[in-house]
Amino acid sequence: MKEPETPRGIVLDDVAYRDGRYALGSKDGCPYLAADGRAYKLTCHPYEPCLYVTGEDGFTTAVHNAFDPSALLDIFRGGGTTASITGREYDARDFCRMVEYAAGMGNIGIDDAERVFGVEPKKIAEKERRQSEKVEYPETAGADEDRFIINDERFSSLIAGYPDLAVDYCLVENERNATGENAHRTALFRACRKLFTDSDDGEAIWDYDAAEAEAKPITAAELFAPADKDGKLNYRMAFLSPPYGSVYTDADFDKVNAALFPNGTDGLEVYEWTTDWSEYFDDGREWWGTLCLTVCDETLDRFAVIMASATD
């Protein structure tokens with residue numbers, strides 16, 4: 001049987017793990033991960049535990065205090081598991097999810113890469129253990145990831161004028177001018193880190209696992225469609241009709257989006273995401289509804305991540 005092909009003609013010589021989303025194996029002795037039609041070359045530093053993830057564009061992410069990928073192939077081929085330096089247990093799928101999340105970030109620590117899994121109850125104990133063992137992580141790891149978040153003071157000031165708004169926004173830099181679902185997923189990961197994490201202590205406000213989110217493309221017309229109070233929650237309805245009521249109008253909605261997308265809608269690429277992957281959406285699932293959208297504005301090289309979930 002022919003093994004799964006990865007982009008640019010790469011055919012894996014062997015496959016250690018495969019499911020509907022991932023294929024993990026090797027080509028000419030070098031480990032590769034195929035994820036949603038993209039190939040990532042996996043290498044490591046010979047003198048320190050540093051995993052390098054290189055995409056098809058040649059951009060390499062260094063995940064410090066991580067794994068030797070060649071050793072992991074043998075473990076996963078036999079159905080085994082391994083643990084990272086933080087104490088988190090990995091099976092093959094978890095490793096694939098971590099690598100896909102880390103790809104494109106540049107220079108991070110394994111604890112930052114593991115944010116894709118959300119927060120586990122043992123996190124505090126593991127943090128204390130790492131501190132007692134004096135495990136050091138790059139000081140720039142968190143900063144490297146946070147630098148993709150755009151702090152637009154003018155837009156923030158505008159949103160502050162709508163205190164009853166049930167919609168949350170996060171602006172994310174599109175540093176590689178990328179489009180398509182994988183680029184939107186990366187923006188979603190980065191927005192979750194910002195919106196779902198306490199900025200003071202780095203602890204999660206809501207558990208989340210954004211790798212499990214599923215996406216579908218929608219048009220700009222669908223993004224700004226009229227509110228249907230008898231239908232599924234959409235962006236306009238979430239803005240105008242929170243469960244506790246508001247006095248906001250279509251003119252307010254248009255004003256906010258004119259600031260968010262100042263060059264119009266022709267350059268917008270939009271994805272709508274499922275919402276069963278975070279505690280953030282639990283309240284909205286009670287009855288009002290939930291919303292998760294990523295909008296790439298190609299004219300500004302940035303993403304607007306839009307989320308909503310509320311209860312009475």
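Trainee: How many of the 312 residues of the protein chain count as buried, and what makes a residue buried?

Mentor: In the protein chain, 51% of the 312 residues count as buried. Buried means under 20% relative accessible area, exposed means over 50%, and partly exposed lies in between, with a 1.4 Å probe and protein chains only. Please keep in mind that this is a predicted model, where local features need pLDDT of at least 70, side-chain atom pairs count only at pLDDT 80 or more, and totals for chains, interfaces and linings use all residues. Residues are numbered from 1 along each chain as its sequence is written, and side-chain values use heavy atoms, with hydrogens and water left out.

Trainee: Why is Thr294 called buried?

Mentor: Thr294 has 0% relative accessibility, and the limit for buried is under 20%, so Thr294 counts as buried. Thr294 sits in strand S16, residues 290-297 (strands are DSSP runs of E, at least two residues, and helices are runs of H or I, at least four, numbered from the N terminus).

Trainee: How do you know that Thr294 makes a polar contact with Trp273?

Mentor: The two side chains come to 2.9 Å. A polar contact is a pair of N or O atoms within 3.5 Å; within protein, one must be able to donate a hydrogen and the other to accept it, and residues adjacent in sequence count only if both atoms are side-chain atoms. The pair therefore qualifies as a polar contact. Trp273 is also among the residues that Thr294 touches, as are His184 and Val305 (contact means heavy atoms within 4.5 Å).

Trainee: Is Arg193 buried or exposed?

Mentor: Arg193 has a relative accessible area of 8%, so Arg193 is buried. Arg193 belongs to helix H7, and the side chain of Arg193 makes a polar contact with the side chain of Asp112 at 2.8 Å.

Trainee: What makes a set of residues a nonpolar core?

Mentor: A nonpolar core is a set of buried Ala, Val, Leu, Ile, Met, Phe, Trp, Tyr and Cys residues joined through side-chain atoms within 4.5 Å. The largest one here has 55 residues, and Phe95, Met98, Trp277 and Met307 touch the most other members. Helix H2 (residues 92-102) gives the most to this core, with 7 residues. Among the residues that Met307 touches are Leu188, Trp277 and Phe281.

Trainee: Which classes of residue make up the lining of the second largest pocket?

Mentor: That lining has 12 nonpolar, 6 polar and 9 charged residues (Ala, Val, Leu, Ile, Met, Phe, Trp, Tyr, Cys and Pro count as nonpolar, Asp, Glu, Lys and Arg as charged, and the others, Gly among them, as polar). H7 gives the most to the lining of the second largest pocket, with 7 residues.

Conventions: Lists of a residue's contacts leave out its neighbours within four places in sequence.
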